Amino acid sequence: MRYSGFSLLINALSRHRDWPRAWRDAEPSKHYDVVIVGGGGQGLATAYYLAKYQGVKNVAVLEKGWLGGGNTGRNTQVSRSNYFFPESGRFYEHSLKLFEGLSRELNFNVMFSQRGILAVCHSRHEMEICRRWANAIGMNGIDSRMLSREDIKKRIPEINLDCRFPIWGGFVQERGGISRHDAVAWGYARRASEAGVDIIQRCEVTGMETSDSRIKAVDTTRGSISADKFALCVAGHSSQLAAMAGLRLPIVSIPLQAMVTEPVRPIFHTVLMSALIHVYVSQSDRGEIVVGGGADAYPSYAQRGSLDIHRDTFSALLELLPIFSRLRMMRQWAGVCDMAPDVSPIVGKTPIENLYISTGWGTGGYKAIPAGGDTLAWTIAHDEPHELLRPFGLERFESGRLVDEGAAAGVAH
Amino acid sequence: MLRIPCPYCGLRDQDEFRCGGEASIVRPAQPDQAGDAAWADYLFYRDNVKGPHLERWLHAYGCRQWFLLRRDTLSHEITEVRRLTEASGDG
């Protein structure tokens, strides 16, 4: 059913007891055209674009836990396209543009708020680097603008310009912003299910049946499921799933933490990032101050991270924004980030004929959900990499044609 | 905060150290004959184990020696410490 002001009114009459399920709780079939392993943003978006735009509706999404419960449910919700290289710019800009129309596309309010994303610089050298970076973004045809100290103070009155080390200026992408991560997962799930995709939760893939160097079927906790094509969209567990198919990956999994304060009235109206004083911060639509920092320094699948990161992230936050010292921290968690050597995604075909992969999103996969889904769906349907994905194939690690976005990825690791 | 048992200095806090990643990575024995796939394997491909993981650590703010740890990447439990000079079963 379409969500609308009218449907809200009608359902109010029956005291909101008759809203239909947002997505079907499908029973797994024995066979599908495409099986997508992983019910996070990338997997659900891929299923949606396959069903809606590629005419491939006989699709299942298998999720071992609850949909959107992995990194899609754990990120700091930022979307931006201010990367350095043209290949990255093109890809993330495609995603940002999809985010701009996403609530309408999904008939679900993802609360995308383009409140700008600011990076601040703390030295003459950082200003030079940022100028170079802002120019590169401009050359990619994407909006970015240098800011003076005064500009920054005007946008963020609470900022401590004379922190250690004092702020010289910065740059902004006005069209960057935040959205509600659960809504993105649920919005894609609802539309995919509507379009015929079976979303099967509490269904863990435990093994793969291969024959003739193709995947024939996946063994799951809910039975064996065969398909013509398979896609792995399992951020945080890419190596484990790939190993079931006999593949190794150029991936290391590290924890990235995020934390939120108690909710307060709207006070912080943009997204702020400092590379040097390592922290990024925004205020969610629930009023919580959402804070992230550097990644923990060793590989981990524990989804919690450790306390030394809190010390570093909070000192950074209070150095830049001393006003927050009175707030209470409410909650902390971590995701498992699959890091590629060049901190750029690895999406597309694998050495196994009918197996596709979406991994290497590292600390920046949330903003890429729409474009990742759109381009992977195209790739699966056509059995060749989408134009935007050609620079991000697995083969670049043999050819040496890496896309080194370590700086633009924005997270120290 | 992990407590790392440096084989030279004893038990110290994690932030005195730097994790050097997966251990037992062997450089191609004949570099001029190794092809792109062998180099990619050596430079980039990793097991990325979920479970007991043999990894290299550097005591950056202490003795500045490298050593090996077997640490579970899910529970973070450390079950083995080894100097690089010690022989091992699995290299």
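1. Residue A:L62 belongs to strand β2 of chain A, residues 59-62; helices (H or I, at least four residues) and strands (E, at least two) are DSSP runs, numbered from the N terminus. A:L62 is buried, as 27 other C-beta atoms lie within 10 Å. The term buried requires 20 or more other C-beta atoms within 10 Å of the residue's own, exposed means 12 or fewer, and partly exposed is in between, with C-beta atoms placed from the backbone.

2. The model is predicted: local features need pLDDT of at least 70 and side-chain atom pairs count only at pLDDT 80 or more, whereas totals for chains, interfaces and linings use all residues. Residues are numbered from 1 along each chain as its sequence is written, and chains are lettered from A and ligands numbered from 1 in the order in which they are written.

3. Leaving aside residues up to four places away in sequence, A:L62 touches A:V35, A:V37, A:I200, A:C203, A:V205 and A:T220. Contact here means that the C-beta atoms of two residues, placed from the backbone, lie within 7 Å. A:V205 is 143 residues from A:L62 along the chain, yet 7.7 Å separates their C-alpha atoms.

4. Chain A is assigned domain 1 (24-77 + 181-250 + 341-399) and domain 2 (114-176 + 253-339), with bounds taken from an automatic or database domain assignment. Their C-alpha centres are 30 Å apart. Domain 1 of chain A supplies 16 residues to the contact and domain 2 of chain A supplies 15 residues. On the domain 1 side there are 3 nonpolar, 12 polar and 1 charged residues. In this classification Ala, Val, Leu, Ile, Met, Phe, Trp, Tyr, Cys and Pro are nonpolar, Asp, Glu, Lys and Arg are charged, and the others, Gly among them, are polar.

5. Between the chains, 21 residues of chain A contact 20 residues of chain B. The chain A elements giving two or more residues to this side are α8 (238-244), β12 (252-261), α9 (307-320) and α11 (396-399). The most come from α11(A), with 3 residues. By class, the chain A side has 12 nonpolar, 6 polar and 3 charged residues.

6. Chain B has an open sheet of 4 strands in the order β3-β4-β5-β6, with antiparallel pairing; strands pair if DSSP finds at least two bridges between them. In chain B, β3 (18-22) and β6 (78-83) stand at the edges with a single partner strand each, so one side of each lacks a neighbour in the sheet. Antiparallel pairing joins β3(B) to β4 (residues 52-58) of chain B over 4 bridges. B:R18 has B:L58 in β4(B) as its bridge partner.
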